[in-house]
Amino acid sequence: MRRLLGGLRWYLREVDGRVRWERYLAGCAEHGHPPLTRREFERRRADARAGAVSSRCC
């Protein structure tokens, strides 16, 4: 049961973007620059996905 819950926790963190956010914060701390807010971070990610050639249907 504990293993199942651990797997579920991992999955949810991957899906909701917490892992990417935490990696971003760690990178900011490592390089010594102030991070964006979570909202700004997600907006830039969404804009990058929308502008990617592979995301278009035609």
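Helices here are DSSP runs of H or I with at least four residues, and strands are runs of E with at least two.

**Figure 1. Overall fold of the predicted model.** The model is predicted. By that assignment the chain holds three helices and zero strands, in the order α-α-α from the N terminus. Mean pLDDT over the chain is 88, and 90% of the residues reach 70 or more. Where pLDDT is low, the predicted coordinates should not be read in detail. Of the 58 residues, 12% count as buried.

Figure 2. Arg 13 belongs to helix H1, which spans residues 2–16. Leaving aside residues up to four places away in sequence, Arg 13 touches Arg 18, Val 19 and Glu 22. With Glu 22, Arg 13 forms a salt bridge, and the closest N and O atoms are 2.5 Å apart. Arg 13 is classed as buried because its relative accessible area is 18%, below the 20% cut-off. Glu 22, at 37%, is partly exposed.

**Figure 3. Nonpolar surface patch including Leu 12.** Met 1, Leu 4, Leu 5, Leu 8, Trp 10, Tyr 11, Leu 12 and Val 15 make a nonpolar surface patch of about 920 Å². Leu 12 is found in helix H1. With a relative accessibility of 44%, Leu 12 counts as partly exposed.

**Figure 4. Salt bridge between Arg 43 and Asp 47 in helix H3.** The side chains of Arg 43 and Asp 47 form a salt bridge with an N to O distance of 3.5 Å. These two residues are four apart in helix H3, so about one helical turn separates Asp 47 from Arg 43. Arg 43 counts as exposed at 52% relative accessibility, whereas Asp 47 is partly exposed at 43%. Elsewhere, salt bridges with shared partners join Arg 38, Glu 42 and Arg 45 into one network.

**Figure 5. Salt bridge between Glu 42 and Arg 45.** Glu 42 and Arg 45 meet through their side chains in a salt bridge of 2.8 Å, N to O. Both lie in helix H3 (residues 38–51), and being three residues apart they are separated by about one helical turn. Arg 45 is partly exposed at 22% relative accessibility, and Glu 42 is partly exposed at 24%. In the whole structure, a search finds five salt bridges.

Technical notes:
Residues are numbered from 1 along each chain as its sequence is written. This is a predicted model: local features need pLDDT of at least 70, side-chain atom pairs count only at pLDDT 80 or more; totals for chains, interfaces and linings use all residues. Side-chain values use heavy atoms; hydrogens and water are left out. Buried means under 20% relative accessible area, exposed over 50%, partly exposed in between (1.4 Å probe, protein chains only). Contact means heavy atoms within 4.5 Å. pLDDT is the predictor's confidence in each residue, from 0 to 100. Patches are made of residues with over 30% relative accessible area and no salt bridge: like charges are joined within 9 Å, nonpolar side chains (Val, Leu, Ile, Met, Phe, Trp, Tyr) within 5 Å. Accessible areas come from the Shrake-Rupley method with a 1.4 Å probe; for residues, only the protein chains shown count as cover. A salt bridge is a side-chain nitrogen of Lys or Arg within 4 Å of a carboxyl oxygen of Asp or Glu.
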